[in-house]
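I opened the model to look up its aromatic rings, charged pairs, surface and confidence. My entries follow in the order of looking.

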Amino acid sequence: MAILLVVSTMSWTIEKHLCMGQVVDVAWFSHAENCSMKAGLTMLSNEVTTKKHCCNDEAFTMQGQDDLTHDSVSELDFSQKIFLVSFASSYIRLFQDFEEKDIVIKSYPPPILAENLNILHQVFLI
């Protein structure tokens, strides 16, 4: 639960550096490194640098949640609270260990029959 809280409240950024449509560098929480294509273009004449170069930088920023409130539990009505409590208690009981009881029937002898069942039902081995 704590990991979920930290991940949901933290802001993070992914930056990509693209050169000629190919991903050169991907960086999390920092700036992506350039492929030094701009430095090579500045060494050439001024007319080449006035043209648009082939490198792009893309950034994706995920803003975290700034305000944390716990008022959502108080908005539930009584029947919803009863359902949540009963569901949580039955779910916790799934993981409890149960004791195995010994079967005491093994030590008892079979019952004494008043009549022979083979003769009563006329079942004979031939």
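**Entry 1: aromatic rings**

I began with tyrosine 91, which is partly exposed at a relative accessible area of 45% (buried means under 20%, exposed over 50%, partly exposed in between, with a 1.4 Å probe and protein chains only). Before going on I noted that this is a predicted model, in which local features need pLDDT of at least 70 and side-chain atom pairs count only at pLDDT 80 or more, while totals for chains, interfaces and linings use all residues. I also noted that residues are numbered from 1 along each chain as its sequence is written, and that side-chain values use heavy atoms, with hydrogens and water left out.

Which ring pairs edge-to-face with tyrosine 91? I found phenylalanine 95: the ring centres of tyrosine 91 and phenylalanine 95 are 5.3 Å apart and the planes stand at 80°, so the pair is edge-to-face. For the rule, I took rings of Phe, Tyr and Trp (its six-membered ring) as paired if their centres lie within 6.5 Å, with planes under 30 degrees apart counted as stacked, over 60 as edge-to-face and the rest as tilted. Phenylalanine 95 is exposed, at 58% relative accessible area.

By this rule I get a count of five aromatic pairs. One of them, phenylalanine 87 with tyrosine 91, is stacked, with 6.2 Å centre to centre and 15° between the planes. Phenylalanine 87 and tyrosine 91 are four residues apart in helix H4 (residues 78-93), which means a separation of about one helical turn. For helices (H or I, at least four residues) and strands (E, at least two) I used DSSP runs, numbered from the N terminus. Phenylalanine 87 has 49% relative accessibility and counts as partly exposed. I logged one aromatic cluster formed by Phe83, Phe87, Tyr91 and Phe95.

**Entry 2: chain overview**

I listed five helices and three strands in the protein chain. Read from the N terminus, the order is α-β-β-α-α-β-α-α. Of the 126 residues, 8% count as buried. I then took contacts (heavy atoms within 4.5 Å): among those with a separation of 6 or more, 44% join residues 24 or more positions apart. The accessible surface is about 12200 Å², and 61% of it belongs to carbon and sulfur atoms; the areas come from the Shrake-Rupley method with a 1.4 Å probe, and for residues only the protein chains shown count as cover.

Is glutamate 15 buried or exposed? I read 18% relative accessibility for glutamate 15, which counts as buried. Glutamate 15 sits in strand S1 (residues 12-19). Leaving out residues up to four places away in sequence, glutamate 15 touches Asp25, Val26, Ala27, Ser30, His31, Ala32, Glu58 and Ala59.

I searched the whole structure for salt bridges (a side-chain nitrogen of Lys or Arg within 4 Å of a carboxyl oxygen of Asp or Glu) and found one. The side chains of lysine 16 and glutamate 58 form a salt bridge, at 3.5 Å from N to O. Lysine 16 lies in strand S1 and glutamate 58 in strand S3 (residues 55-62), so this pair ties together parts 42 residues apart in sequence. Lysine 16 is partly exposed at 32%, and glutamate 58 is partly exposed at 37%.

**Entry 3: nonpolar patch**

I looked for patches, made of residues with over 30% relative accessible area and no salt bridge, joining like charges within 9 Å and nonpolar side chains (Val, Leu, Ile, Met, Phe, Trp, Tyr) within 5 Å. Val6, Met10, Val23, Val26, Trp28 and Phe29 form a nonpolar patch on the surface, with about 600 Å² of accessible area together. Strand S2 (residues 22-28) gives the largest share, three residues. Phenylalanine 29 lies in the loop between S2 and helix H2 (37-43) and, at 53% relative accessibility, counts as exposed.

**Entry 4: confidence and one backbone angle**

I checked pLDDT, the predictor's confidence in each residue from 0 to 100. The chain averages 78, and 79% of the residues score at least 70. Confidence is lowest in helix H3 (residues 46-50), with a mean of 50, and highest in H4, at 92.

Last, I noted glutamine 122, a residue other than glycine with a positive phi, near 55°. Glutamine 122 belongs to the segment after helix H5 (117-120) and is exposed at 63% relative accessible area.
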